[in-house]
Amino acid sequence: MIISSVREGRFAPVVTDWFVSRAETHGGFEIDVIDLASVNLPMVLPSRDGAPSPEAAAALEAVSPRLEAADAFVVVTPEYNHSYPASLKNVIDWHFTQWQAKPVAFVAYGSVSGGLRAVEHLRHVFAELHAVAIRDTVSFHGAWIQFEEDGRPKDPETVNAAAKTMLDQLTWWAQSLREARERRPYQA
């Protein structure tokens, strides 16, 4: 699971904590949360043949093996200016093979659109990386008023059902693509 917001005072932990509880209840997942607020990847990428700086190499060592080991991803993202945060684009761009032939699901939040415009942009980016975007998304419109002060959703039946549907699809794709990668390594 990737928490993409790095903004001070962010709402992402509330949404993420709720979704982690849904994934744990669903079962079948070993959850590893990568919080991009604690990942210090530089915004400047090395040249195609160049090696990353020592600072970048250290940050990559903390993230890349975790992405490589994952069979599936869930991106928790807000919508900033009709798209997703730069922190998420940065971690995506630092990696390539780690995303290939793996499913990606989205939990989005925002105001009027509930983060869905960010998700639509992400679908194109992950398609370019040979990842499979899960059709169903969990979305919180006006997220700040959708949760109780203790972090529980105000309408748990609806959002829990949406999470279950998405997690069911993610499970199927994760298992199917893992089996396929084991039989025939993916070639991009």
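1. A polar contact is a pair of N or O atoms within 3.5 Å, one able to donate a hydrogen and the other to accept it. In this predicted model, the side chains of Asp-35 and Arg-10 are joined by such a contact, at 2.6 Å. Asp-35 belongs to strand β2, which covers residues 34-35. Apart from residues up to four places away in sequence, Asp-35 touches Ile-3, Ser-5 and Arg-10.

2. Ile-34 is also part of strand β2. Is Ile-34 buried or exposed? Its relative accessibility is 5%, and buried means under 20%, so Ile-34 counts as buried. Along the chain, Ile-34 and Met-1 are 33 residues apart, yet 6.0 Å separates their C-alpha atoms. With residues up to four places away in sequence left out, Ile-34 touches Met-1, Ile-2, Ile-3, Val-39, Val-63, Arg-66 and Leu-67.

3. In soluble globular proteins, nonpolar side chains tend to be buried together. The largest nonpolar core of this model contains 29 residues, and those with the most contacts inside it are Leu-88, Ile-92, Trp-99, Leu-122 and Phe-126. At least two residues of this core come from each of α2 (54-69), β3 (73-78), α3 (86-93), β4 (103-110) and α4 (116-128). Another core, of 26 residues, lies apart from it and includes Ile-3, Trp-18, Ile-134 and Met-166.

4. Not counting residues up to four places away in sequence, Leu-122 touches Val-75, Thr-77, Tyr-84, Leu-88, Ile-92 and Phe-106.

5. Helix α1 spans residues 12-26 and has 15 residues. From its first C-alpha to its last the helix reaches 21 Å, close to the 21 Å expected at 1.5 Å a residue. The buried residues in α1 are Ala-12, Val-15, Thr-16, Trp-18, Phe-19, Val-20 and Ala-23. These buried residues pack against β1 (2-3), β3, β4, β6 (138-141) and α5 (156-183). Just after α1, Gly-27 takes a positive phi of about 85°.

6. Which side chain of opposite charge is nearest to Lys-102? The answer is Glu-68, at 4.8 Å. A salt bridge requires a nitrogen and a carboxyl oxygen within 4 Å, and Lys-102, although buried, has no salt bridge. Its side chain does reach the backbone oxygen of Gln-98, at 3.2 Å. Beyond its neighbours within four places in sequence, Lys-102 has contacts that include Leu-67, Asp-71, Phe-73, His-130 and Leu-177.

7. The count of salt bridges comes to 10. Arg-117 and Glu-79 meet in a salt bridge with an N to O distance of 2.6 Å. This pair links distant parts of the chain, 38 residues apart: Arg-117 lies in helix α4 and Glu-79 in the loop between β3 and α3. Arg-117 is partly exposed, with a relative accessible area of 33%, whereas Glu-79 counts as buried at 16% relative accessibility.

8. Glu-120 is partly exposed at 42% relative accessibility, while Arg-123 is buried with a relative accessible area of 19%.

9. Further salt bridges complete this note. Arg-152 forms one with Asp-150, the closest N and O atoms being 2.7 Å apart; Asp-150 counts as exposed, at 52% relative accessibility. Asp-71, Arg-178 and Arg-181 are linked in a network of salt bridges.

Note on methods:
Residues numbered from 1 in each chain as written. Predicted model: local features only at pLDDT ≥ 70, side-chain atom pairs only at ≥ 80, totals over all residues. Heavy atoms only, no water. Core = buried A, V, L, I, M, F, W, Y, C linked by side-chain atoms within 4.5 Å. Buried < 20%, exposed > 50% of the residue type's maximum accessible area, 1.4 Å probe, protein only. Helix = DSSP H or I, 4+ residues; strand = E, 2+ residues; numbered from the N terminus. Contact = heavy atoms within 4.5 Å. Expected span 1.5 Å × (residues − 1). Lys, Arg positive; Asp, Glu negative; His and termini not counted.
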